Amino acid sequence: MEKIMIIDMPNHVGETVKIGAWLANKRSSGKIAFLQLRDGSGFVQGVVVKSEVDEDIFATAKAMPQETSMYVIGEVTKDERSSFGYELQVKGIEVIQEAVDYPITPKEHGVEFLMDNRHLWLRSRKQHAIMKVRNEIIRSTYEFFNDQGFVKVDPPILTGSAPEGTSELFHTKYFDEDAYLSQSGQLYMEAAAMALGKVFSFGPTFRAEKSKTRRHLIEFWMIEPEMAFTEHEESLKVQEEYVSYIVQSVLKNCKLELERLERDTSKLENIKAPFPRITYDEAIEFLHEKGFDDIQWGDDFGSPHETAIAESYDKPVFIVNYPIGIKPFYMQPHPERDDVVLCADLIAPEGYGEIIGGSERIYDYNLMKQRIEEHGLDEKAYAWYLDLSRQGAVPHSGFGLGLERTVAWISGAEHVRESIPFPRLLNRLYP
Ligand code: 4AD
Ligand code: MG
């Protein structure tokens with residue numbers, strides 16, 4: 001008898017198969033038991049009919065607690081009523097282990113309780129669906145950039161520099177030296193772009209941010225493409241094509257998951273390039289019209305501002321040309337204005353906030369040297385980076401997409417803590 005995964009059941013209708021499974025939930029009467037089985041690949045209902053199995057199998061099915069692990073033997077049948085479309089007519093059950101007081105029952109639980117039990121919470125239907133959406137975003141990211149001729153490059157995690165400012169660094173000792181956990185691989189990706197043309201990274205980044213919001217993680221994953229001979233406007237095109245590609249891939253390949261998440265997919269179907277663009281100046285004007293008196297030209301946006309701006313669009317929106325004073329040292333100044341830089345943040349719809357930050361980079365040696373000094377950065381730590389701007393430097397641009405915010409948006413999860421398997425949050429290092 002063939003051992004299969006639940007996801008492959010459509011190819012085995014009418015056959016008797018074996019699956020390894022856990023009991024997610026069950027319902028039973030005197031004559032029939034309905035087992036909600038899961039095996040990681042999917043969920044399926046197992047039907048145990050008392051008159052058709054040995055007495056002890058029916059007794060086992062009725063008695064076993066939630067999350068019991070087992071092998072199940074049964075015949076795959078079609079079932080039009082379930083969204084999966086298939087069922088298992090159970091013939092045999094071989095229990096591997098009965099779970100002890102499984103804490104996450106089908107009733108409602110508080111967030112802190114669920115977070116304390118994250119190692120188990122991951123098994124629930126909604127969390128399973130979010131992880132599958134995350135996986136599809138990762139898969140389609142590799143597909144998109146490989147198809148476009150980008151080379152995957154892995155920047156270091158232990159670094160001596162801090163591209164996004166020094167206030168949010170995780171400090172550690174590197175033998176006798178000081179080191180920091182990477183907050184962005186960008187500077188290394190710029191070096192790599194000069195070697196390989198178009199590159200992208202995908203890796204963990206760390207920010208010791210004291211923010212406790214639904215958009216902030218201490219450890220998050222970032223996709224950072226960097227492109228030589230590329231101006232800012234060309235980079236925006238890559239960004240909108242990329243984001244459209246991952247949204248359309250999830251719509252195509254995660255139908256069951258989006259249904260389980262009760263995601264309004266009509267809002268996602270519309271996500272196709274091009275995306276609208278507004279300038280920072282226009283955004284400030286718009287916010288003043290909307291009655292936000294708390295923000296002045298030169299301030300950074302907070303989430304209420306981003307949400308208000310995003311509400312006017314049914315697609316992600318680029319806010320371009322931010323004031324030089326609130327952006328990192330490496331951004332290329334605007335050719336006609338010295339108070340703004342060639343950059344953009346991409347704001348997701350539905351209140352999910354900034355999912356991409358990107359810019360054109362300075363490649364003039366003297367300007368770069370001046371900006372490093374102005375920002376009070378350690379010239380020794382940045383010597384190799386500064387060196388790039390005198391070794392055949394070219395216009396280049398790049399961006400960073402935050403994976404968890406993107407997963408939260410596409411899957412409709414209300415908080416980024418649900419879009420990473422084991423979230424690192426302020427005051428939470430376990431499980
Ligand atoms: O805007 P950020 O800070 O940009 C950079 O790090 C650039 N060096 C990227 C580049 O140009 N190569 O971060 C990029 C994205 C944000 O738009 C956001 O989606 C995500 O990373 N992000 C976070 N996600 C979760 N938790 C946090 N604390 C985040 N901080 C940034
Ligand atoms: Mg940013």
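Reader: Which element gives the most to the shell around ligand 1?

Author: In this predicted model, β15 gives the most to that shell, with 5 residues. The elements that give two or more residues are β11 (219–228), β15 (353–361), β16 (396–402) and α13 (403–411). Of the 23 residues around ligand 1, those that come nearest are S184, Q186, G357, G400 and G402.

Reader: What makes up the shell around ligand 1 in terms of nonpolar, polar and charged residues?

Author: The shell divides into 8 nonpolar, 8 polar and 7 charged residues. Gly is counted among the polar residues.

Reader: How do you know that the span of helix α6 is close to the one expected?

Author: The expected span is 1.5 Å times one less than the number of residues. Helix α6 (residues 232–253) has 22 residues, for which 32 Å is expected, and its first and last C-alpha atoms are 32 Å apart. Several residues of α6 are buried, including H232, L236, Y242 and V250; for this term, 20 or more other C-beta atoms must lie within 10 Å.

Reader: Which residues touch the most other members of the largest nonpolar core?

Author: They are V133, F318 and I319, in a core of 73 residues. The largest share of this core, 8 residues, comes from α6. Apart from this core lies another, of 20 residues, among them I19, V44, V76 and L88. Leaving aside residues up to four places away in sequence, F318 touches L236, F275, R277, A344 and L346. In soluble globular proteins, nonpolar side chains tend to be buried together.

Reader: Why are β7 and β8 said to stand at the edges of their sheet?

Author: The sheet is open and has 3 strands, in the order β7-β9-β8, with antiparallel pairing. β7 (158–159) and β8 (171–174) each have a single partner strand, so one side of each is left without a neighbour in the sheet.

Reader: What makes β7 and β9 a pair?

Author: Two strands pair if there are at least two bridges between them. β7 and strand β9 (residues 177–181) have 2 bridges, in the antiparallel sense, and therefore meet the requirement. T159 has Y180, in β9, as its bridge partner.

Terms used. Residues numbered from 1 in each chain as written. Chains lettered and ligands numbered in written order. Predicted model: local features only at pLDDT ≥ 70, side-chain atom pairs only at ≥ 80, totals over all residues. Near = placed C-beta within 6 Å. Helix = DSSP H or I, 4+ residues; strand = E, 2+ residues; numbered from the N terminus. Buried ≥ 20, exposed ≤ 12 C-beta atoms within 10 Å, placed from the backbone. Core = buried A, V, L, I, M, F, W, Y, C linked by C-beta atoms within 7 Å. Contact = placed C-beta atoms within 7 Å.
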